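I opened the notebook today to record what I looked up, chain by chain and then at one contact. The entries follow the order in which I checked things.

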Amino acid sequence: MIARIRGMIARLRRRGRHRTRAAALAAGMITLLALSVSGCGSTGLTAPSLQTSLSRTFANLYVLQQAEQGNPKPSAASLDSHASCQKGGTLDIPQDGSGVWLCQITYLVAGPGYPVIAKYNVDVQTDGCYAADGDGPASVNGSPTITGPHYAQLINPLSLIDGCFDTT
Amino acid sequence: MTLAAGPWPTFAERAVPRSRSGVLVVWRLELAKLLGLWRVRALALMCLAGPFVIVAGLNLQSATPGDTAFGQWVHTSGFAIPMVILGFGGQWLLPVGTAVVAGDIFSAEDHFGTWKTILTRSRSRGELFAGKFAAALTFATAGLVLLVITDLLAGLLAGTQPVVGLGGQLVPAGQAIVLVLASWASVLPPVLAFTALAIFTSVVSRNSVIGIGIPVVLTLVFQVVTLIALPAWGQQVLLSTPFQAWHGFWEQPAFVGPFCWGLVTCAAWFGICSAGAWLVFRRRTIGGAA
Amino acid sequence: MAEPRVIVEARGVTKWFGATTALDAVDCVVGPGVVHGLLGPNGAGKTTLLSALFGLILPDEGTLRLFGRSRGEAGPSWLDGVAGFVETPRFYPYLTGRRNLAVLAGLDGGDAAELIDEALERTGLAGAGRRKVRGYSLGMRQRLGLAAAMLRRPRLLILDEPANGMDPAGIRDLRTALRRLARDGVTVILSSHDMAQVEEICDSVTVLSRGQVAFAGRLDVMRTDAPDAVWRLRTSDDAAAAELSRSCAGVKAASHDDGGLVVHAAQDRLDDYVLRLGRDGVAVRGLELDTTPLEALFFQLTGEPRPGGQLPVSQLPRTKEVR
């Protein structure tokens, strides 16, 4: 009888220990979640971040493309490239998150100085990396290859653009 | 000779001097045991030969891996190859590779029933736990270092032309080497966190199949969950996210935000899993009741 | 360092596994140079208590001290000088016997590695040392366990059913070795469910029954408290023999399920009884000792049912009784 009472008391004490342990682990998990909060609710994948990254990357790659073709290299700054992106090609759905975005990059070609519009289908992933598939004009990003000096076939850097932007 | 022939060796009056730290002793013994396992040797072989096999395979065909960053540049520059391997490896090979060892190192003793044999020597539970944990971490780190070296070598052999970074910039060979090493180094924290996770499941389940299986399943789960449009903090909690943090290093201008937050995620997973494993192990009953 | 007077001191050790009480306020004190038996039927708590001595099981209540130190006070050196095994010794089956001992010696540190050859020879495993343990028989594994214990130069040897799986020659050898160890000042604790084995080798015993101590003390003290020995008797006329026993003082006879009689009597009373049988024309065809006095006491203490016919506990004659 007395043994049974002692048994119950010790079992309650042990359960108390277990509860403390479980509480500590739960607190740890909550801390983990709280620490990871870096923009509650939003995915960090918004039009402005995509646009900034894409236009900068496009400018650098355009310079590279011109260099590979043996043309005079413009400076990236003089291109003054701006991207305008819409998720799903329309403004009617939330402009936030991963998926297919349609982007138009407007840039100034050196020389005549008139704006050219390059179109891209951009597949944006949840980690902020994207793959932009060139959709015209043909001479800029339509073809997967370009011709370099001595008729060498090179990869067209503007045909498929890989890039990433910061979602944190 | 028989048991009864002559006196048994008996304890000296003075205490046996402890010449080395207990944890170090256990660590060395565990590493020696690991090196004898066939799967450790198989993994080492894979790390040594794998990258060269991949380079040879890529050379045999003109097509390029399309779905991954740097994929289109593998024929242009050798530096794209270690980055493509890291892209794939980070999702599967690295977490599974460390789980295969760490998910078994504790539960193997349960399988053989040898806990009572090694716990009744002059080593405390804490020393045994720390030594085995350290051996698993050592294996993971050594495997990663080996893979980095062979990857880089294979890439250098393939060609040292400048590679196109994720910001469209042309990265010359010297800077490319630094970025490749930095990218690979950035996955060490999540690999160690996965090691701690595998040890946790191994200790709690006392079963090697579960101990290895659960981290592997979780890898799959993370891959699936990451495709869902979660809020930013949801993505950050997943242990698969820090494996991709190196993307920022290759952008122009480079950004380290995801890497820093990834460190927090890894530290939290590592801390919770290690503490959980120790709490379960320290007062556990070894062997069944009479 | 002064030699502690008490080597093993367990006070009020209690352990529950869920709803089952494996140990209930068990006390056990063992001094130096003693061979102490831990007796009890299966499930009595022997292995649990030995596991607690090794720190494999942590008691819910009570204190355990080895060489005067508790586990908390001593830290990793708590088991210095303590060796042995609980249940069947287990090793790494993919390693050879020698390699297993090397791994354990490595864990111990010091010069344990130098003892491996001697340990293998003394336990008769010199030839088998280079075979993988997965090919060992139970007896070989027990002997490897003893070899592993030898490596630690024990001052306290704890063995759980060490005679399990050994042949009689091995058991005799073990007995001699343990007695010699005790003479050299080593304390030995061994568990068994067989009182006959324990009688021949131990100086003192603790008898456990259902997690509680039923008896603890020296064997010679136990003998004075013990009931009579139990004999198996076969005669030419069992019914008459049973009838006759009722008129003999200090002799109780009952028929055995397998035929013949079960007789509870001290040696001298039994002699009188046999002579009476002869005088009354009943021939004795067979007489053998079935249960020693201590075994009988053991069964009493643990409430174990004995095979065959038996008298209820209350009717067993005690040597001190005078009719």
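The entries below concern a predicted model, and I keep that in mind throughout.

**Entry on chain A.** I began with the secondary structure and found that chain A has four helices and seven strands, which, when I read along the sequence, follow the pattern α-α-α-β-β-β-β-α-β-β-β. I then looked up burial and noted that, of the 168 residues of chain A, 31% count as buried. For the contacts in chain A with a separation of 6 or more, I found that 52% are between residues 24 or more positions apart.

**Entry on the contact of chain B with chain A.** How many residues does the contact take from chain B and from chain A? I found 35 residues from chain B and 36 residues from chain A. On the side of chain B that touches chain A, helix 10 (208–227), helix 11 (232–237) and helix 12 (257–282) of chain B each supply at least two residues, and helix 12 of chain B gives the most, with ten residues. Sorting that side of chain B by class, I wrote down 17 nonpolar, 17 polar and one charged residues.

Conventions. Residues numbered from 1 in each chain as written. Chains lettered and ligands numbered in written order. Predicted model: local features only at pLDDT ≥ 70, side-chain atom pairs only at ≥ 80, totals over all residues. Buried ≥ 20, exposed ≤ 12 C-beta atoms within 10 Å, placed from the backbone. Contact = placed C-beta atoms within 7 Å. Nonpolar A, V, L, I, M, F, W, Y, C, P; charged D, E, K, R; others polar.
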